[in-house]
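Thanks for taking a look at this one. Here are a few numbered notes to read alongside the structure.

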Protein chains: 2
Amino acid sequence: MIVGLDARDIRFPTSRHMHGSDAMNPDPDYSCAYVTLEMSAGEQSGNGLTFTIGRGNDLCVAAIEGLGSHLIGRSLDEFEEDLGLVSRLLLNDSQYRWLGPEKGVVHLAAAALINAVWDALAKRAGKPLWRYVSDMSPERMVSAIDFRHIADYLPREEALERLTAQQSGKAARIETLMQDGYPAYTTSAGWIGYTDEEIVRRLKAAYAEGWRHFKIKVGGDLQGDLARCKLFRDTLGSDVRLSVDANQVWNVAEAVKAIKAMAPYDIYWVEEPTSPDDVLGHKAIADQVSPILLATGEHAHNRVMFKQFLQAQAIGFCQIDACRLAGVNEVIAVMMMADKAGIPVCPHAGGVGLCEYVQHLSMIDYVCISGTMEGRVIEHAAHLHQHFRNPIEIREGRYIAPTAPGYSVDLWPQSIADHEFPQGKEWAKEMAS
Amino acid sequence: MIVGLDARDIRFPTSRHMHGSDAMNPDPDYSCAYVTLEMSAGEQSGNGLTFTIGRGNDLCVAAIEGLGSHLIGRSLDEFEEDLGLVSRLLLNDSQYRWLGPEKGVVHLAAAALINAVWDALAKRAGKPLWRYVSDMSPERMVSAIDFRHIADYLPREEALERLTAQQSGKAARIETLMQDGYPAYTTSAGWIGYTDEEIVRRLKAAYAEGWRHFKIKVGGDLQGDLARCKLFRDTLGSDVRLSVDANQVWNVAEAVKAIKAMAPYDIYWVEEPTSPDDVLGHKAIADQVSPILLATGEHAHNRVMFKQFLQAQAIGFCQIDACRLAGVNEVIAVMMMADKAGIPVCPHAGGVGLCEYVQHLSMIDYVCISGTMEGRVIEHAAHLHQHFRNPIEIREGRYIAPTAPGYSVDLWPQSIADHEFPQGKEWAKEMAS
């Protein structure tokens with residue numbers, strides 16, 4: 001039984017070196033609100049986190065503590081028996097719901113808690129999360145989904161049919177994953193705060209490691225953005241993939257102008273060209289820059305937003321986030337809608353623990369939902385993995401399928417102690433300097 | 001100069017009597033995060049609040065305290081000189097912004113702070129807020145608007161032209177407002193937790209007071225909803241207006257079915273038929289239930305959402321909220337887009353202080369933006385006004401134009417002391433019982 005929660009404010013002073021800097025977020029301190037389920041003696045616990053970039057991480061911790069009261073007194077058996085329960089308990093508290101609904105701090109907090117429960121369930125089953133879900137029947141997977149407000153696009157019966165149709169090849173796909181892993185791209189070379197020299201050095205190093213798909217940050221002044229694209233092609237040539245990420249800074253007209261100017265550099269996708277709330281704006285941009293495709297999702301806050309991006313065919317790539325959406329339950333709903341729309345799922349990662357999380361989600365998409373890796377790729381950023389007990393493993397630009405039980409976001413106790421804000425050792429150092 | 005902030009968690013135990021109950025929110029405790037700007041000696045202060053329905057109000061208080069640090073050390077002169085400054089300072093903190101962006105707890109907190117600054121500016125000018133804004137030049141009003149992500153629909157130049165075109169009749173419209181006030185409708189008779197007898201009693205009493213436009217809550221089982229509509233028409237006949245509010249509970253198909261079934265009861269608008277994030281869903285419903293019109297907005301979290309509802313003509317009434325949107329600045333942007341779309345602004349009110357707030361906004365819409373009250377109406381709910389120093393005044397179903405300087409949300413000190421959560425007297429009583 002869940003008898004309590006331990007929620008911590010963990011922050012890493014990444015802004016010191018401009019890791020993670022982009023046009024909208026010049027100085028992020030990659031952070032997470034980290035929660036551990038406190039269980040009755042001898043029972044399996046679970047950990048979950050939600051990612052933020054610094055100030056306000058405390059709000060997520062407080063929301064986890066408040067909202068988490070709905071889990072106290074519940075047993076893992078209850079959650080195992082009814083996979084939708086955890087999501088219903090946390091998203092339907094009407095007073096907390098008012099603060100969203102289903103968005104912002106409260107939704108981020110719900111994600112940490114929901115993921116912690118899935119982590120505990122997978123650990124208890126002795127399986128990595130992707131495998132725990134892959135081994136479920138279609139009926140069980142569907143029972144995790146809340147169809148409210150998406151049934152007009154994906155009715156329950158159709159979801160069940162789609163999963164059932166993918167049953168046959170599952171064993172072979174699991175085999176493939178275990179052998180070959182899952183394709184990835186890297187963001188680590190092109191943060192906006194890096195100098196040209198730094199970018200060239202990082203691009204070459206990444207190429208040598210086996211990376212063939214890169215993303216760089218744009219959205220500064222247009223001449224600078226074009227120079228950065230040129231630098232990329234001058235350094236690595238035309239045989240590698242280049243995606244760009246504008247982090248929401250453009251209006252519709254600005255986006256169209258900038259994307260057309262970048263077209264000669266052969267752009268695989270343009271990410272977050274404008275407000276993440278603007279379905280119609282994305283659609284307007286997409287229509288004008290075709291055949292270049294748009295990608296968005298790291299700030300698309302729930303299944304209803306993704307439903308619309310997909311219905312409108314406003315995006316060419318669906319970038320789910322493991323904790324912007326309300327955990328595994330809502331991610332499954334979105335991946336199923338993306339499959340219906342024929343749009344590849346390419347998760348947002350980086351930050352703290354997002355790579356650890358989303359590898360499982362892409363693998364679930366491959367084994368259970370879309371049945372293909374075609375056009376799909378998981379984001380990779382190289383920092384902070386050393387703080388996790390079971391960090392991601394990358395080989396030749398691919399994620400190796402995780403084998404440790406759970407959802408892979410257990411932090412080392414020392415990392416927690418050192419980075420707890422504001423009392424941890426690293427922050428004491430930071431404040432002294 | 002702003003030297004500090006005093007933020008309080010104020011809650012009223014309204015769930016005791018089912019005031020405010022609806023299909024999504026069965027037991028709200030109407031609450032607000034209330035902020036007072038602490039000023040240098042002798043300078044004008046200001047108050048702002050953001051409305052919630054109970055649990056999580058503490059998160060808004062914490063967000064006000066964190067985000068509010070951007071106001072410390074700033075003077076009212078700076079905000080007066082650059083009306084967009086307060087909004088830029090509070091919405092562009094990239095670390096806090098990550099938690100939305102521009103939605104949820106952080107946006108609600110920003111609203112309280114932004115409104116507090118406008119309250120201080122209006123008080124210093126010795127004018128009620130609506131008059132303070134009405135007396136501005138079009139150039140100054142436009143300077144309050146952040147055009148990012150809405151310029152594709154409303155460019156700055158067009159906003160300026162539209163306001164300039166309304167300059168001529170302003171004095172006469174101010175005169176009209178002072179004499180006749182602004183039309184309203186009442187929600188106080190039809191909360192979902194009320195018995196039929198209670199509803200009939202309240203409808204008759206409200207009719208006797210001069211009300212001719214009513215809203216009742218629906219979204220329970222359909223037969224019950226239809227019975228409630230019939231009860232309304234049986235009680236008050238066909239010469240009064242009836243709107244219904246489903247508070248988001250339906251899927252698209254459910255909404256269409258329910259609304260068609262209610263059509264014989266002559267429904268003026270159907271409010272929140274589905275998820276407030278679902279622009280395309282509203283559009284699909286609107287197309288199928290025409291000529292019945294939809295209304296939404298109390299959970300539409302920013303100007304980008306409203307832009308889309310208006311672009312798509314998915315709504316027939318635009319229900320701005322004074323503190324779901326980021327304060328006066330963002331509300332002006334939305335009211336200007338609604339005017340361009342030809343959609344009447346009918347603000348969401350009730351709760352704590354929302355009636356006090358939005359009367360000013362509808363009056364600004366009338367004097368400066370739309371120039372008409374045609375088809376427009378301010379929501380009214382009868383409770384909690386006694387806690388405000390300058391409560392709304394209603395006569396014959398109309399809001400009387402407020403004359404006290406400021407934005408009308410100053411709470412009485414005793415009301416603050418009694419209802420502060422959890423230590424106030426009223427909560428001590430509540431917890432003892």
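1. Start with B:Thr274, whose side chain reaches the backbone oxygen of B:Trp250 at 2.7 Å. B:Thr274 lies in the loop between strand E7 (267-271) and helix H13 (279-289) of chain B; helices (H or I, at least four residues) and strands (E, at least two) are DSSP runs, numbered from the N terminus. B:Thr274 counts as buried because its relative accessibility is 1%, where buried means under 20% relative accessible area, exposed over 50% and partly exposed in between (1.4 Å probe, protein chains only).

2. A word on the model: it is predicted, so local features need pLDDT of at least 70 and side-chain atom pairs pLDDT 80 or more, while totals for chains, interfaces and linings use all residues. Residues are numbered from 1 along each chain as its sequence is written, chains are lettered from A and ligands numbered from 1 in the order in which they are written, and side-chain values use heavy atoms, leaving out hydrogens and water.

3. What does B:Thr274 touch, not counting residues up to four places away in sequence? Its contacts (heavy atoms within 4.5 Å) include A:His149 from chain A, along with B:Trp250, B:His282 and B:Ile285.

4. B:Ile285 is buried, with a relative accessible area of 0%. Beyond its neighbours within four places in sequence, B:Ile285 is in contact with residues including B:Val252, B:Ala255, B:Ile259 and B:Leu294.

5. Now for the two chains together. In all, 60 residues of chain A are in contact with 60 residues of chain B. The two chains bury about 5000 Å² between them, 55% of it on carbon and sulfur atoms; buried area is the accessible area (1.4 Å probe) that two parts lose on being put together, summed over both. On the chain A side, A:Arg55, A:Gln95 and A:Trp98 lose the most area to chain B, together 19% of what that side buries.

6. How many salt bridges does the rule find across the interface of chain A and chain B? There are six, a salt bridge being a side-chain nitrogen of Lys or Arg within 4 Å of a carboxyl oxygen of Asp or Glu. B:Asp93 forms a salt bridge with A:Arg55, the closest N and O atoms being 3.0 Å apart.

7. Last, the core. A:Trp118 and B:Trp118 touch the most other members of the largest nonpolar core, which has 308 residues; such a core is a set of buried Ala, Val, Leu, Ile, Met, Phe, Trp, Tyr and Cys residues joined through side-chain atoms within 4.5 Å.

How values were computed. Polar contact = N/O pair within 3.5 Å; in protein donor to acceptor, adjacent residues only side chain to side chain.
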